[in-house]
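Please keep the sequence and the model in view while going through the points.

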Amino acid sequence: MNEQPKPGLLRVFKSVGAAYFGVQSEKNRARDFTPGNPAHFIVAGLIATVLFVLFLWGMVHLILYLAGA
């Protein structure tokens, strides 16, 4: 049996980041989801999305502040 170890936290976020930007290879996707639990990737994806939305919100407020609005 060629059983792969479960993906670690860094590998999960790396995989989510690559998928988030559309550069995830099929080989890496298969490597991540074969031994892993999809719930870990879903949670990491939700965290990444919330962080991205907060970043955009902060940038808009910064730009409005600097523009004097």
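This is a predicted model: local features need pLDDT of at least 70, side-chain atom pairs count only at pLDDT 80 or more; totals for chains, interfaces and linings use all residues.

**Note on the structure**

1. Which element gives the most to the patch? Helix H3 does, with nine residues.

2. The overall plan may be stated briefly. The protein contains three helices and zero strands, and along the sequence the pattern reads α-α-α. Of its 69 residues, 16% are buried. The protein exposes about 5,600 Å², and carbon and sulfur atoms supply 71% of that area.

3. Helix H3 itself has 30 residues. From its first C-alpha to its last it reaches 43 Å, which is close to the 44 Å expected at 1.5 Å a residue. Its buried residues are Phe41, Ala44 and Gly45, and the buried residues of H3 pack against H1 and H2. Just after H3, Gly68 takes a positive phi of about 85 degrees.

4. Helix H1 covers residues 9-20, twelve in number. Its reach from first C-alpha to last is 16 Å, close to the 16 Å expected at 1.5 Å a residue. Just after this helix, Gly22 takes a positive phi of about 80 degrees.

5. Which residues of H1 are buried? They are Val12, Ser15, Val16 and Ala18. Because these residues cover an arc of only 160 degrees around the axis, they are on the same side of H1. On the other side of H1, Leu9, Leu10 and Lys14 are exposed. The buried residues of H1 pack against helix H2 (26-33) and helix H3 (38-67).

6. Ser15 deserves a separate remark. This residue is in helix H1. Ser15 has a relative accessible area of 6% and is therefore buried, as the limit for that class is under 20%. What does Ser15 touch, once its neighbours within four places in sequence are left aside? Its contacts are then Gln24, Asp32 and Phe41. Phe41 is itself one of the buried residues of H3.

7. With a relative accessibility of 66%, Lys6 counts as exposed. Lys6 and Pro35 are 29 residues apart in sequence, and their C-alpha atoms are 5.5 Å apart in space.

8. A final point concerns contacts across the protein as a whole. Among contacts with a separation of 6 or more, residues 24 or more positions apart account for 70%. The student may read this figure alongside the packing of the buried residues of H1 against H2 and H3, and that of the buried residues of H3 against H1 and H2.

Conventions
Residues are numbered from 1 along each chain as its sequence is written. Side-chain values use heavy atoms; hydrogens and water are left out. Helices (H or I, at least four residues) and strands (E, at least two) are DSSP runs, numbered from the N terminus. The expected span of a helix is 1.5 Å times one less than its number of residues. Buried means under 20% relative accessible area, exposed over 50%, partly exposed in between (1.4 Å probe, protein chains only). The arc is that of the directions from the helix axis to the C-beta atoms. Contact means heavy atoms within 4.5 Å. Accessible areas come from the Shrake-Rupley method with a 1.4 Å probe; for residues, only the protein chains shown count as cover.
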